Amino acid sequence: MWRTENRDIERPQVMTAMEMGTSSAASKIDFAGVSKTFFARGNELQALQPVDLKVRKEEFVALVGPSGCGKSTLLNLVAGLIEPTTGTVTYDGEPVAALNFRVGYMTQKDTLLPWRTVNDNIGVSLELKCRSTSRAEAKERIAEMVDLVGLRGFEGHYPTELSGGMRKRVALARTLIYRPETLLMDEPFGALDAQLKLIMQDQLQKITQHQKMTVLFVTHDLSEAIAVADRVVVFSSRPGRIRAIRDVPLERPRDVFRVRFADSFSRLHEDLWNELKDEVIKGTDV
Amino acid sequence: MSKERGKRRRADGTRTVLAWQIAFGASALLIWEIAGRIFGSAWTSLPSQVAERLIVWSQQDLARHITVTLTEVFIGLAAGSAGGVLAGLALGRTKTLALVLRPIIVVLYSVPLVTMAPLLILWFGLEMESKIVLVGVVVFFLMFFNTFAGVQSIDTLLIETLGLMGATRREEYQKVIAPASMAWIFSGIKVSMPYALAAATTGELLGGSFGMGTLLARAGSQFDMTGLYAGLFVLLVIGILLSEGIALLENHFLRWRHVAH
């Protein structure tokens with residue numbers, strides 16, 4: 001009982017209505033026979049072979065695979081930015097028809113608004129009518145986010161003054177601040193140094209566990225995938241299909257700093273790497 | 001420590017450059033004055049004579065002429081910009097409107113606009129109205145093309161990002177399209193300003209009782225070289241002040257572009 005109430009308070013108005021209908025057994029996201037072919041300049045490019053995947057509510061799923069295997073395409077499908085060529089993508093039982101604003105999407109390319117400072121970029125989602133946050137509350141939450149991603153002191157800077165890693169952190173803060181029920185992340189920590197990566201992974205999984213978010217996390221880094229996720233999905237090279245799915249047997253809450261030294265971690269890592277390496281080699285042959 | 005020393009060195013550098021520029025200008029004026037006195041100044045006049053004339057004018061009605069020209073420039077600029085920006089925003093975002101109307105605008109632009117001045121004088125009379133319309137028309141075209149290109153160059157990813165957060169179409173305009181277009185709009189105004197001034201003075205050259213162009217016309221018809229130089233000098237100063245003014249405004253509104261290392 002307490003959990004549902006908490007969720008209603010924290011979710012923006014846009015989402016509360018949908019929360020009522022969902023049961024915990026149903027999938028949050030369902031890919032059924034989904035494939036995607038792009039047509040450009042008279043050529044066909046199949047990005048994704050038919051894929052079947054069910055993501056449960058509050059599940060953290062990592063998508064791993066060589067470049068160009070369609071991982072980002074899957075995220076774009078859930079966000080409603082593109083439509084599948086075959087199959088259906090279902091969100092909360094309904095097919096994704098238009099822009100899906102129940103997700104927070106952190107794209108590979110950071111799309112910060114160049115004319116806004118760090119603070120204003122982070123807070124932009126709170127300015128929208130569908131959220132109606134008071135300025136005082138917005139200020140507080142922005143400050144919270146700034147601390148979370150470690151950018152205190154840079155609040156008044158413009159994106160052109162920031163390094164790539166810092167811009168990524170702003171993008172992360174901007175996505176997390178409005179507490180979307182689902183997070184789509186496309187290699188969010190790729191540009192960060194090793195130490196910062198671990199810190200961000202730690203923060204991310206703390207938040208997503210606390211806010212009970214469903215997460216689809218794309219990464220190249222197998223260790224990262226195992227450290228943060230409940231399940232890891234390995235994709236083949238283009239055109240992508242699912243090659244392997246493994247549950248991550250590590251308990252939550254996880255200490256991302258130490259978890260890589262556990263035996264179960266190494267076993268899973270070896271298992272997944274065996275699946276992955278053939279695809280990576282195939283990809284580089286082209 | 002070294003950063004401050006660097007800043008000071010840079011400031012000294014700029015000051016040295018400025019000093020050289022002033023020295024260059026002053027010596028040019030000196031040479032003009034001396035050469036004129038030696039070789040005769042019927043066609044070239046002398047800086048001293050020009051300065052004298054400026055003083056005489058300022059005691060007469062130079063202020064009124066300047067005000068008239070500036071009024072024509074600013075009202076024309078405002079009207080033309082408003083029209084050009086709105087048209088640019090509308091056509092830039094709506095494909096069908098653009099397909100239909102843009103070619104028509106391009107064709108109309110092929111007319112050398114200042115040659116429209118006699119036509120406008122016939123329509124609107126010899127006073128300020130015809131000049132304002134001329135300035136407005138010139139500015140409209142420049143602002144339209146700039147805004148149109150600007151709107152088209154906006155990264156759709158930025159708009160999609162806000163859309164995913166739940167922004168309405170109106171909010172997309174307010175928060176992405178309008179601010180993103182500002183850079184292009186400012187660049188349009190920077191480009192339009194000298195053309196606006198040219199359009200106003202050209203119109204005045206052709207007819208009218210007041211304005212810098214009328215001063216030039218009067219001096220020209222009387223073979224008054226000193227008057228011509230004086231008038232041109234005033235226009236030069238006005239042009240510089242206008243450009244600097246725009247640059248200052250731009251630095252304020254487009255701060256985010258200029259802060260990069």
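Visitor: What is the relative accessible area of B:Asp155?
Guide: B:Asp155 is partly exposed, a class that lies between buried (under 20% relative accessible area) and exposed (over 50%), with a 1.4 Å probe and protein chains only. This is a predicted model, in which local features need pLDDT of at least 70 and side-chain atom pairs count only at pLDDT 80 or more, while totals for chains, interfaces and linings use all residues. Residues are numbered from 1 along each chain as its sequence is written, chains are lettered from A and ligands numbered from 1 in the order in which they are written, and side-chain values use heavy atoms, with hydrogens and water left out. For B:Asp155 the relative accessible area is 33%.

Visitor: Where does the pair of B:Lys175 and A:Glu127 cross between chains?
Guide: Helices (H or I, at least four residues) and strands (E, at least two) are DSSP runs, numbered from the N terminus. The side chains of B:Lys175 and A:Glu127 meet in a salt bridge at 2.8 Å, N to O, with B:Lys175 buried at 14% relative accessibility and A:Glu127 partly exposed at 37%. The crossing runs from helix H8 of chain B to helix H4 of chain A.

Visitor: How much area do chain B and chain A bury between them?
Guide: The contact (heavy atoms within 4.5 Å) takes 22 residues from chain B and 26 residues from chain A. In chain B, B:Leu164, B:Met165 and B:Trp256 lose the most area, together 35% of what that side buries. Buried area is the accessible area (1.4 Å probe) that two parts lose on being put together, summed over both. Carbon and sulfur atoms carry 69% of a total of about 2,200 Å².

Visitor: Which helix gives the largest share of the side of chain B that touches chain A?
Guide: Six residue pairs are in polar contact across the interface, both residues at pLDDT 80 or more; such a contact is a pair of N or O atoms within 3.5 Å, one able to donate a hydrogen and the other to accept it, and residues adjacent in sequence count only if both atoms are side-chain atoms. On the side of chain B, helices H7, H8 and H11 each supply at least two residues. The largest share, eight residues, comes from H7(B).

Visitor: How many residues apart in sequence are the parts that B:Lys190 and B:Glu250 tie together?
Guide: The side chains of B:Lys190 and B:Glu250 meet in a salt bridge at 3.2 Å, N to O. B:Lys190 lies in helix H8 and B:Glu250 in helix H10 of chain B, so the pair ties together separate parts of the sequence. B:Lys190 is partly exposed at 41%, whereas B:Glu250 is buried at 9%. The separation in sequence is 60 residues.

Definitions and conventions. Salt bridge = Lys/Arg side-chain N within 4 Å of Asp/Glu carboxyl O.
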